[in-house]
Amino acid sequence: LPRQVTIPVVVHVVLDDTSAVTHAQILSQLAVLNQDYNAANTDISQVPAVWQSLIGNTRINFCLAQRTPDNEPTNGIVKVKTATGKSFSISNGSPDVKYNSTGGSDAWDTHRYLNIWVTRLSGNFLGVAAPPGNGYPQEQEGVVVQYTGFGTTGSVGGTYNLGRTTTHEIGHFFGLKHIWADDSGGCTDDDGIADTPLQGDNSFGCPTFPKLDNCTNKAPGIMFMNYMDYSDDRCMHLFTAGQVDRMRYVLENTVASLMT
Ligand code: ARG
Ligand code: ZN
Ligand code: CA
């Protein structure tokens, strides 16, 4: 197993009513991350028996930062009030939410902190990632999450209420592609991970196992309960060992300074 590491997190709440995302809601999201990234989620038993042996454990922990970049004590939460009804687009990784000058909140050194912006995203999008090494300006690296899909309490609602959007976006941050590889049903391109089954398109809702598709047409079928699919939160349960290898590789080679 890889070495247990802890990553300091800063959560930027950028909303017209910043009280809509409470400290408790933020802590509920950190708890989900620490479970999901350590294969300690209570629903992991719902991974079908054939795939139990593929379950990966990143041994990454996340904690709210205790010091600011200037070494002042902090609770790791920054709140920025926006104009009433303000929302941000997910295009290009949602840059506007990442700068004070455009109504957002400036990043803390993205190679010392994992920056999570929680905001109102236009178009009901759930989230977007700007992973390191993907051509984004360094100060934009991090993830942006819709405030109604963040954590497990408070302003969450609907079927994205178990914190899995943030689990998914941080998967992108650490170099994971969608499990179906965004190729609109194609079966040649895939996610580049050897132990995830080929999958044509994204899943939605809560499929019943086994589910076959055009790319994997025999049992056990597609891995719709993977965090990098689009199933509902209550139906997402694992990263594979191959996905964990990719994430640890990116962590240790691209953003090693995040590890404490
Ligand atoms: N649509 C978002 C993305 O592609 C996140 C989807 C998260 N899915 C979920 N069940 N929480 O990055
Ligand atoms: Zn995604
Ligand atoms: Ca595909």
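Predicted model: local features only at pLDDT ≥ 70, side-chain atom pairs only at ≥ 80, totals over all residues.
The protein chain contains 3 helices and 6 strands. From the N terminus, the elements follow the order β-α-β-β-β-β-β-α-α. The C-alpha atoms occupy a box of roughly 55 × 40 × 35 Å along the principal axes. The radius of gyration is 18 Å; a compact globule of 260 residues would have a value near 18 Å, so the two agree. Of the 260 residues, 43% are buried. Among contacts with a separation of 6 or more, 67% join residues 24 or more positions apart.

Helix α1 (23–36) has 14 residues. Its span from first to last C-alpha is 20 Å, close to the 20 Å expected at 1.5 Å a residue. The buried residues in α1 are Q25, I26, Q29, L30, V32, L33 and D36. These residues lie on the same side of α1, because they cover an arc of only 155 degrees around the axis. In an α-helix there are 3.6 residues a turn, so residues three or four places apart point the same way. The cover over the buried residues of α1 includes β1 (5–15), β2 (60–64), β3 (77–81) and α2.

Helix α2 (164–173) is mostly covered, with 9 of its 10 residues buried. The buried set consists of R164, T165, T166, T167, H168, E169, I170, G171 and F173. Elements covering these residues include α1, β4 (114–119), β5 (127–130) and β6 (142–146). After α2 comes G175, which has a positive phi near 95 degrees.

The shell holds 13 residues, of which L126, Y160, R164, T165 and H168 come nearest to ligand 1. Two or more shell residues come from each of β5 and α2. By class, the shell comprises 5 nonpolar, 4 polar and 4 charged residues.

The loop between α2 and α3 (241–253) holds D182. D182 counts as exposed because it has 12 C-beta neighbours inside 10 Å, and the cut-off for exposure is 12 or fewer. Along the chain, D182 and D201 are 19 residues apart. Their C-alpha atoms are separated by 7.1 Å.

Methods. Residues numbered from 1 in each chain as written. Chains lettered and ligands numbered in written order. Helix = DSSP H or I, 4+ residues; strand = E, 2+ residues; numbered from the N terminus. Buried ≥ 20, exposed ≤ 12 C-beta atoms within 10 Å, placed from the backbone. Contact = placed C-beta atoms within 7 Å. Expected span 1.5 Å × (residues − 1). Arc of directions from axis to C-beta. Near = placed C-beta within 6 Å. Nonpolar A, V, L, I, M, F, W, Y, C, P; charged D, E, K, R; others polar. Rg over C-alpha atoms; globule rule 2.2 N^0.38 Å.
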